[in-house]
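Biologist: Could you walk me through the aromatic rings in this model? I would like to know what sits beside what.

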Amino acid sequence: MVDNRYATALVIGSVLSLLATVYLSVAVGTQHWYQYNSPPGPVKQKDVNVTELREDFINGEFGEKAVYRPMFLLNGTLGLWWRCIQVPAPGQSHWFKEPDPKTKMQCVSFTLPQQFITKFITKYDSDNDKDLLRTYLWRCQFLLPLVSLALVFLSGLVGVCACLCRSFTPTLGVGVLHLLAGLCSLGSVCCFLAGVDLLHQVYPPPDGVEGSLGWSLYLALISFPLQMMAAALFMWAARSHRKNYTRMTAYRVA
C-alpha cells in the first residue's frame with residue numbers, strides 16, 4: 001500500500017520528467033541555440049554577394065570559415081544539428097540591401113562526420129594547430145543531450161518494471177537516472193556556450209554583428225531544473241517510503 005504523499009510525489013515527478021523531455025527534445029531538433037544579427041550598414045559597404053555566400057554555405061566544402069562567415073553576415077542561427085542563414089526571396093537582388101521582410105531561412109544540417117571534425121586554434125588548418133578543447137566541447141554539446149534523453153527513457157523502463165513488480169525500491173534508481181540526465185542537460189548548455197566563446201576568439205564576428213542566445217538554448221536550460229526536481233521527488237518518495245515500511249514492519253514484529 002502506497003501512502004498518498006508518495007503517490008502524489010510520483011505523479012508530480014512524472015509530469016516534470018515529461019515536460020523536461022519534451023523541452024529537451026524540441027531544443028535538440030531546432031536551430032535557435034545562438035543567433036546573429038547583422039545590421040545592413042557594415043555588410044552593404046563590403047558589397048557582399050548573397051548568392052556566392054549562399055552557395056558556399058550550402059554546397060561548398062565544409063569548413064568553419066565557409067560556415068560561419070555567411071552566418072555572421074546573413075543573420076544566421078546555430079543549433080546542435082542545424083545551421084541557417086536568411087537570404088532574399090527569389091527574384092530579388094543578389095546584392096545585400098536594406099532588410100526586406102521577403103526573406104526566407106535556408107538551413108543545412110551537420111552530418112555525423114562533421115560533428116566529430118577536428119577544430120583548429122587558427123583560421124589556417126594545420127596539424128600543429130589542433131584545438132582539442134574546442135573539439136571535445138563541440139562533441140560533448142551534441143552527445144550529452146542524447147545521453148540525457150537515453151537516461152530518461154531508461155528510467156521510464158525502470159519505472160514500468162517497478163509497477164509490474166509492485167515494488168517501490170526501483171524508484172530510487174529512477175531518481176538517480178533523472179539526476180544524471182539533468183547533469184547531462186546542464187553540461188550540454190555549458191559546453192555549447194564555452195564552444196561559442198572560443199569560436200569567436202578564432203573567428204571574431206565583423207564589426208556591428210551582434211550575437212545573442214536563442215530560445216532553443218533556453219528550452220534546454222529549463223529542462224535541467226525540471227529533471228533535478230523530478231529526481232528529488234523520486235528519491236524522496238523512495239527513501240521515505242522505505243523508512244516508513246521499515247518502521248511498520250518493526251512495529252508489527254514487536
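Modeller: Happy to, starting with a charge over a ring. The charged end of Arg 139 sits over the ring of Tyr 136, 5.2 Å from its centre. That term needs NZ of Lys or CZ of Arg within 6 Å of the ring centre and within 35 degrees of the ring normal. This is a predicted model, where local features need pLDDT of at least 70, side-chain atom pairs count only at pLDDT 80 or more, and totals for chains, interfaces and linings use all residues. Residues are numbered from 1 along each chain as its sequence is written, and side-chain values use heavy atoms, leaving out hydrogens and water.

Biologist: Which residue lies over the face of Trp 138?

Modeller: Look above the Trp 138 ring, at 4.1 Å from its centre. The residue there is Lys 119.

Biologist: How many aromatic pairs are there?

Modeller: Rings of Phe, Tyr and Trp (its six-membered ring) pair if their centres lie within 6.5 Å; planes under 30 degrees apart are stacked, over 60 edge-to-face, and the rest tilted. By this rule the count is 7.

Biologist: What kind of pair do Tyr 34 and Tyr 36 form?

Modeller: Their centres are 5.2 Å apart, with 65° between the planes. That makes the pair edge-to-face.

Biologist: Is Tyr 36 buried or exposed?

Modeller: Buried means under 20% relative accessible area, exposed over 50%, and partly exposed in between (1.4 Å probe, protein chains only). Tyr 36 has 4% relative accessibility, so Tyr 36 counts as buried.
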